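This report goes through selected local features of one chain. The sequence and the structure are shown first.

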Amino acid sequence: MTSNYVLKNELLYKILRCPKTLRIPTNDFQAYSHPEFRSHRWVYNKLQIAESQQIACGPIGVRPSPDVFPVIVKPIINLFGMGFHAYKFDTWDEYRRDSRGVLSLPGLFWSRFFHGRHLSIDLFLRDGRIIWTAAFRGQQCPEGNIGRFDHWMSLSGFRRQSIARSVRRWIRRHLKTYTGCLNLETIGDHIIECHLRMGDINQLPNARRIFRQIIRLYSGRCLSSLSSDVRVYLIPVFLSFDEYQRARPVSQEDLFRICNRWLIRTVQIDPGPSKVTYPTSGIRVFLLTCDNLHRGRRCRAEIRRNLLG
């Protein structure tokens, strides 16, 4: 039976009864304002993240050299996530013309655009030392849909040694006094985003056991052995902005009926664009968790048919 998505905060404090006095951030707003993380919150500055890896980059106004292209332009700091205001420029001529008017927006920077394996890596750190990790691999939608993914797949057997050596060195150098959850978004062996909180590990089948260990981590206690050898798929249901305007409502009863037919484990109902930000390529309305990619895609297609008629 399909069940409702359980919020991270609810899992920690209602289901697992974590003491309210133990502040465990579950989003970037909480992590950025956490009093114990002030010396580390610079990692939310994506320009600094790029500079710390000697990646070609600069704030808007400092022109990239023609040999750097393609480049991606996005906010220097974006606590909202979801690929907000991310744009790709393939050539210097396209950048110079700026037909979309992107380069007049404040607070943006450019950096080299990378191709390769796109991972969301979750880590437990104790004084900068990796003591547990898990990862999802993202499959992006076709070219032009920046920030929009067809699916994310958890990686069975992902270990510390699975992380690129340059990424491990970066963690040791820059987070050697940090204890807590860390989520990194990487392409190849480059870090493109860093978050002082957990990622989507609450979507894993053993989420309760994982979150019990998170409570132990933030309490300063030793962790017991923990496996991440599971395979799940996260299937986002996106609508273009035009589709969202003409979509008809689908009742929760009908949504769960469709999801049950395709053996979906959980479904997350996302808030509308008036409450959260979304990538320029569309609006995510649901996030499905399942054990079979084919069934998840078929379920998404049926949900879209019901939304669009």
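The model is predicted.

**Salt bridges**

The whole structure holds eleven salt bridges.

| Pair | N to O distance | Location |
|---|---|---|
| Asp 93 and Arg 97 | 3.1 Å | both in helix H4 (residues 92-97) |
| Arg 300 and Asp 150 | 2.7 Å | helix H9 (residues 293-308) and strand E8 |
| Glu 243 and Arg 304 | 2.9 Å | helix H7 (residues 241-246) and helix H9 |

What separation in sequence does the pair Arg 300 and Asp 150 span? Arg 300 forms a salt bridge with Asp 150. Because Arg 300 belongs to helix H9 and Asp 150 to strand E8, this pair ties together parts that are 150 residues apart in sequence. Arg 300 is buried, as its relative accessibility is 12%. Asp 150 is buried too, with a relative accessible area of 14%.

The side chains of Glu 243 and Arg 304 also meet in a salt bridge. This pair links distant parts of the chain, with Glu 243 in helix H7 and Arg 304 in helix H9, 61 residues apart. Is Glu 243 buried or exposed? With a relative accessibility of 15%, Glu 243 counts as buried. Arg 304 is partly exposed, its relative accessible area being 24%. A further group is a network in which Asp 93, Arg 96 and Arg 97 are joined by salt bridges that share partners.

Asp 93 is partly exposed at 35% relative accessibility, and Arg 97 is partly exposed at 48%.

**A positive patch**

Which residues form the positive surface patch? Arg 160, Arg 165, Arg 169 and Arg 172 make up this patch. Arg 160 sits in the loop between strand E8 (149-154) and helix H5 (165-174). Its relative accessibility of 31% places Arg 160 in the partly exposed class. Patch residues must have over 30% relative accessible area, and the value for Arg 160 is 31%.

**Backbone geometry**

Most residues other than glycine have a negative phi, and most peptide bonds are trans. The following residues depart from this pattern.

The peptide bond from Phe 69 to Pro 70 is cis, with omega near 5°. Pro 70 is placed in the loop between strand E2 (57-59) and strand E3 (71-75).

Arg 17 has a positive phi, near 55°, although this residue is not glycine. Arg 17 lies in the loop that runs between helix H1 (8-15) and helix H2 (28-33). At 68% relative accessibility, Arg 17 is exposed.

Gln 54 likewise has a positive phi, near 60°, in a residue other than glycine. The loop that holds Gln 54 is between helix H3 (46-51) and strand E2. Gln 54 is exposed, with a relative accessibility of 66%.

Ser 3 belongs to strand E1 (residues 3-4). Its relative accessible area is 33%, so Ser 3 is partly exposed. Which residues does Ser 3 touch, not counting those up to four places away in sequence? Ser 3 touches Phe 256, Arg 265, Thr 266 and Val 267. From C-alpha to C-alpha, Ser 3 and Pro 271 are 18 Å apart in space, and the two are 268 residues apart in sequence.

Leu 223 is in the loop between helix H6 (207-219) and strand E11 (233-239). Leu 223 counts as partly exposed, at 25% relative accessibility. Leaving aside neighbours within four places in sequence, Leu 223 is in contact with Phe 124, Arg 126, Ile 131, Gln 213, Arg 216 and Leu 217. Arg 212 is eleven residues from Leu 223 along the chain, and their C-alpha atoms are separated by 9.2 Å.

Key
Residues numbered from 1 in each chain as written. Predicted model: local features only at pLDDT ≥ 70, side-chain atom pairs only at ≥ 80, totals over all residues. Heavy atoms only, no water. Patch = residues over 30% accessible without salt bridge, like charges linked within 9 Å, V, L, I, M, F, W, Y side chains within 5 Å. Areas by Shrake-Rupley, 256 points an atom, 1.4 Å probe, with all protein chains shown as cover. Salt bridge = Lys/Arg side-chain N within 4 Å of Asp/Glu carboxyl O. Lys, Arg positive; Asp, Glu negative; His and termini not counted. Charge placed at Lys NZ, Arg CZ, Asp CG, Glu CD. Helix = DSSP H or I, 4+ residues; strand = E, 2+ residues; numbered from the N terminus. Buried < 20%, exposed > 50% of the residue type's maximum accessible area, 1.4 Å probe, protein only. Contact = heavy atoms within 4.5 Å.
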